[in-house]
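Here are a few friendly notes to read alongside the model. Please keep the structure open as you go through the points.

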Amino acid sequence: MTIVIRPGIKEDLFGAFVVFQLALHGLYQSVGQAAPEDKPNPQNLSSAFEYFRMFTEYFTQTAEHFWVAEDEGEIIGFSRSMVRENIRQLSELFVHPDKQ
């Protein structure tokens, strides 16, 4: 496994969305709020991504930094930070549950 960390680009948004959905499911499952069979299938997330596309594009356009972690071309994690009113904040940090 060779993990590459690089600046994210617009074409990475769907992959980052998949990681977000899988990480969220992993969290819900760990606290008993989701079952393993509820795990999102990345191939079925396109319509959900389209619904949230304008938000993810906005967050990316206004982020100070957007980084992705890849393993053999697959996005396995991402982070974004932003500055608002001279305060820098880590706004998102998600890692694929199978890669933690």
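Predicted model: local features only at pLDDT ≥ 70, side-chain atom pairs only at ≥ 80, totals over all residues.

1. Residues are numbered from 1 along each chain as its sequence is written, and side-chain values use heavy atoms, with hydrogens and water left out.

2. The protein has 2 helices and 4 strands, arranged along the sequence as β-α-α-β-β-β. These are DSSP runs numbered from the N terminus: helices are H or I with at least four residues, strands E with at least two.

3. Helix 1 covers residues 13–30, 18 residues in total, and its first and last C-alpha atoms lie 26 Å apart, close to the 26 Å expected at 1.5 Å a residue (1.5 Å times one less than the number of residues). Just after helix 1, glycine 32 has a positive phi of about 80°.

4. Which residues of helix 1 are buried? They are Leu13, Ala16, Phe17, Val18, Val19, Gln21, Leu22, Ala23 and His25. Their packing partners are helix 2 (46–62), strand 2 (65–71), strand 3 (74–84) and strand 4 (87–95).

5. Among contacts with a separation of 6 or more, 51% join residues 24 or more positions apart; contact means heavy atoms within 4.5 Å. The C-alpha atoms fill a box of roughly 40 × 30 × 25 Å, taken along the principal axes.

Notes
Buried < 20%, exposed > 50% of the residue type's maximum accessible area, 1.4 Å probe, protein only.
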